[in-house]
Amino acid sequence: MLTNFRDLGGLICADGSMIAPGKIYRSAVMKNIDDEDKLRLDSLGLDTIFDLRVKAEAREVPDYVPEGCTYKQMDVFDPWKYRYIVVTVRSKILVGHLRGPFEYKLKKNKEDSYEAIALSDVWSEIFDAMDRGETFLFHCTEGKDRTGFCAMLIEHCLGRDNDGIMEEYLLSNELRPPKDRSKLKYIGFSKKLIEDIKYAETTHPELLLRAYAAVDREYGSLDNMLLQKFNVTEERKEKWRKTYVVQNS
């Protein structure tokens, strides 16, 4: 079924306008979706699906792609460097072998990944689609970290303020709550590792703020990064707003 699925349409911008419904969607992985979900995706008129998972994740759980829709898989970060948090059979085995002094690696991997996500080169693909005025969907596995940062970039460019962006980012904790992992103690997982798994499965303000901080260190500000790395000028942003923002009646 479709989980953590939402239309960015209706989100309010700083000037009181809102993101246009039916143009930009975000989601968790489209796993085990039924015919009703497929019909729903078919009805969206998607031009492109951007899969922010690494190749191994995408191979293990292939996307459903509506007819006529372009599919683009994009490695947001190095899958080996962040091997504990990509969602693959291999990564789950690796996490299961973390013991004693090595247990910290899972949480550190999650924290460090936000810097890699923030400084990734792949976001130009999203901006190019916005230049073309496409209707598109983007997702990772849980629809919260890589997807959450991508949503932040889009919302920022369309005129949302930081408080609204953070609220939307944290909404994943309600739409994609962590699973009960307490039974892992019976196969040798420590209390700390179970807590760290729960941490990795949820969104946290300090993680998004860590991404902002990485951008600030490298570029001075988010707008500087957008301009210097992706040539996102004010003219491009204004063009996007004409396509993706409407007055809030």
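## Contacts of Phe127

Contact here means heavy atoms within 4.5 Å. In this predicted model, Phe127 touches Leu153, Cys157, Leu226, Phe230, Val232, Arg236 and Trp240, leaving aside residues up to four places away in sequence.

## Nonpolar cores

Phe127 also belongs to the largest nonpolar core, which has 59 residues. Together with Trp123 and Ile154, Phe127 touches the most other members of this core. The element that gives the most to the core is helix 6, spanning residues 146-157, with seven residues.

As a general background, nonpolar side chains in soluble globular proteins tend to be buried together.

## Asparagines with positive phi

Asn4 is not a glycine, yet its phi is positive, at about 50 degrees. The residue is located in the segment that precedes strand 1 (6-7). Asn4 has a relative accessible area of 3% and is therefore buried, the cut-off for buried being under 20%.

Asn32 likewise is a residue other than glycine with a positive phi, near 55 degrees. Asn32 sits in the loop that runs between strand 3 (24-27) and helix 1 (35-42). Is Asn32 buried or exposed? With a relative accessibility of 67%, Asn32 counts as exposed, because the cut-off for that class is over 50%.

Technical notes. Residues are numbered from 1 along each chain as its sequence is written. This is a predicted model: local features need pLDDT of at least 70, side-chain atom pairs count only at pLDDT 80 or more; totals for chains, interfaces and linings use all residues. Side-chain values use heavy atoms; hydrogens and water are left out. A nonpolar core is a set of buried Ala, Val, Leu, Ile, Met, Phe, Trp, Tyr and Cys residues joined through side-chain atoms within 4.5 Å. Buried means under 20% relative accessible area, exposed over 50%, partly exposed in between (1.4 Å probe, protein chains only). Helices (H or I, at least four residues) and strands (E, at least two) are DSSP runs, numbered from the N terminus.
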